[in-house]
Amino acid sequence: MDFEKSMARLAEISELMGKELPLEESVKLYTEAVALTKQCREYINEAKLTIEQLEAAE
């Protein structure tokens, strides 16, 4: 899943978590959100590294 889709899914999860859900469903969504957050951080770190390398090459 790319960065934009991951962020969109996180927004969906955030909306769902604002509702009253069974505990099992809440835990499932929370687990998915944690994984997506980690993935998004990795995308951001990779983009930051790319930018730093490009700036260093100037």
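Predicted model: local features only at pLDDT ≥ 70, side-chain atom pairs only at ≥ 80, totals over all residues.
**Entry 1: surface**

Accessible areas here come from the Shrake-Rupley method with a 1.4 Å probe. I then asked what share of the 58 residues is buried. Buried residues make up 14% of them.

**Entry 2: overall build**

Next I went through the secondary structure and found two helices and zero strands. The radius of gyration is 16 Å, while the globule rule gives 10 Å for 58 residues, so the chain is more spread out than a compact globule. I also checked the box that the C-alpha atoms fill along the principal axes, and it comes to roughly 55 × 15 × 15 Å.

**Entry 3: charges**

How many positive and negative side chains does the chain have? I noted 7 positive and 13 negative ones. The centres of the two sets lie 4 Å apart.

**Entry 4: salt bridges**

My search of the whole structure turned up two salt bridges. One of them pairs Arg9 with Glu12, at 3.0 Å from N to O. Both residues sit in helix α1, and because they are three residues apart there, about one helical turn separates them. I looked up Glu12 as well: its relative accessible area is 41%, so I put it down as partly exposed.

Which residue does Glu32 meet in a salt bridge? Its partner is Arg9, at 2.8 Å from N to O. This pair links distant parts of the chain, with Glu32 in helix α2 (residues 23-57) and Arg9 in helix α1, 23 residues apart. Salt bridges with shared partners join Arg9, Glu12 and Glu32 into one network. Why do I list Glu32 as partly exposed? Its relative accessibility is 26%, and partly exposed covers values between the under-20% cut-off for buried and the over-50% cut-off for exposed.

**Entry 5: a nonpolar patch**

Last, I turned to nonpolar side chains on the surface. Met17, Tyr30 and Val34 form a patch there, and together they have about 300 Å² of accessible area. I followed up on Met17, which belongs to helix α1 (residues 3-17). Met17 has 35% relative accessibility, so I count it as partly exposed.

Key. Residues numbered from 1 in each chain as written. Heavy atoms only, no water. Helix = DSSP H or I, 4+ residues; strand = E, 2+ residues; numbered from the N terminus. Rg over C-alpha atoms; globule rule 2.2 N^0.38 Å. Buried < 20%, exposed > 50% of the residue type's maximum accessible area, 1.4 Å probe, protein only. Lys, Arg positive; Asp, Glu negative; His and termini not counted. Charge placed at Lys NZ, Arg CZ, Asp CG, Glu CD. Patch = residues over 30% accessible without salt bridge, like charges linked within 9 Å, V, L, I, M, F, W, Y side chains within 5 Å. Salt bridge = Lys/Arg side-chain N within 4 Å of Asp/Glu carboxyl O.
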